[in-house]
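Me: I am new to reading protein structures. Can you take me through this one in short steps?

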Amino acid sequence: MDLSPTLTRFVLHWGEMGARWGVNRTVAQIHALLYITGRPMHAEEITDTLGVARSNVSTSIRELQGWNLVKLVHLNGDRRDHFETSTQVWELLRTIVRERQHREIAPTVEVLRELLADPALSKEPADAKMRIRETLELLETLTAWSDEMLKLDTATLTKVLKLGAKIKKLMGSGSSNSASDLSRSKPSEITAAHLLGP
């Protein structure tokens with residue numbers, strides 16, 4: 001398959017960004033290819049399109065499957081394994097957040113809890129104990145928040161992520177001369193309609 005210059009640039013850039021985020025470049029490029037083409041592809045086609053080694057493609061696909069970003073599919077009349085990814089960007093975001101929580105955040109939270117429960121911590125400086133506790137509280141707060149966000153449907157999640165300006169006004173950082181209902185309301189009068197309304 002020959003990609004247009006536009007799609008080639010997209011795939012190459014996705015690979016560059018993947019490398020910056022700690023993801024193998026080829027892994028990111030394969031994911032980008034499956035996402036932007038929006039259809040199942042077999043390993044040979046991926047190899048030919050990206051110009052990478054077949055063994056590299058196989059390894060990268062297994063990694064993407066481990067991240068739950070790519071799944072195996074079969075097409076009628078074709079005995080070869082094909083692979084596809086979601087074409088819904090919000091679904092991809094949810095998957096990546098869940099996987100990063102599971103792989104990176106959860107183990108760190110577990111270690112921090114073990115450290116705080118260890119009697120040996122009493123021998124450490126008070127500042128060190130405080131920093132460990134604050135780090136744990138931060139990660140637990142972020143995890144709880146992201147868990148709640150992931151439960152929301154896409155339309156609601158989009159609105160929540162666009163709340164920045166309204167939240168600023170709600171917290172008293174906005175202009176006191178604003179004529180909006182939100183800025184005129186007392187905190188106790190703020191409802192979900194104020195925040196999630198159009």
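Predicted model: local features only at pLDDT ≥ 70, side-chain atom pairs only at ≥ 80, totals over all residues.

Me: How many helices and strands does the protein chain have?

Reply: Both are DSSP runs numbered from the N terminus: helices are H or I over at least four residues, strands are E over at least two. Along the sequence, the pattern reads α-α-β-α-α-β-β-α-α-α-α-α-α. The count for the chain is 10 helices and three strands.

Me: What percentage of the 198 residues is buried?

Reply: Buried means under 20% relative accessible area, exposed means over 50%, and partly exposed lies in between (1.4 Å probe, protein chains only). Of the 198 residues in the protein chain, the buried share is 30%.

Me: Among contacts between residues at least 6 apart in sequence, what share joins residues at least 24 apart?

Reply: Contact means heavy atoms within 4.5 Å. Take the contacts in the protein chain between residues at least 6 apart; the share joining residues at least 24 apart is 54%.

Me: How are α1 and α2 oriented to each other?

Reply: The axes of α1 (residues 5-20) and α2 (residues 25-37) come within 7 Å and cross at roughly 140 degrees. Axes are lines fitted to C-alpha atoms, for helices over the stretch in contact, and angles run from 0 to 180 degrees between N-to-C directions. Angles under 35 degrees count as roughly parallel, over 145 as roughly antiparallel, 65 to 115 as roughly perpendicular, and the rest as oblique. α1 and α2 are therefore oblique.

Me: Of the residues in the contact of α1 with α2, how many are nonpolar?

Reply: α1 and α2 cross with α1 residues including Leu7, Phe10 and Trp14 in the contact, and α2 residues including Ala28, His31 and Leu33. The contact also holds four polar and two charged residues. Nonpolar covers Ala, Val, Leu, Ile, Met, Phe, Trp, Tyr, Cys and Pro; charged covers Asp, Glu, Lys and Arg; the others, Gly among them, are polar. The nonpolar count is 11.

Me: How are α5 and α6 oriented to each other?

Reply: The axes of α5 (residues 89-117) and α6 (residues 126-151) come within 10 Å and cross at roughly 150 degrees. That angle makes the two helices, α5 and α6, roughly antiparallel.

Me: How many charged residues are in the contact of α5 with α6?

Reply: Among the residues in this contact are Arg94, Arg98 and Ile105 of α5 and Lys129, Arg133 and Leu136 of α6. The contact includes 10 nonpolar and five polar residues, and the charged ones number seven.

Me: Is His31 buried or exposed?

Reply: His31 lies in helix α2. Leaving aside neighbours within four places in sequence, His31 is in contact with Trp14, Leu64, Leu69, Thr85 and Leu92. Its relative accessibility is 4%, so His31 counts as buried.

Me: How does Gln65 count by relative accessibility?

Reply: Gln65 lies in helix α4 (residues 54-66). Not counting residues up to four places away in sequence, Gln65 touches Val70, Leu72 and Phe83. At 29% relative accessibility, Gln65 counts as partly exposed.

Me: What is the phi of Asn68 near?

Reply: Asn68 lies in the loop between α4 and β2, and at 52% relative accessibility it counts as exposed. Most residues other than glycine have a negative phi. Asn68 is not glycine, yet its phi is positive, near 60 degrees.

Conventions. Residues numbered from 1 in each chain as written. Heavy atoms only, no water.
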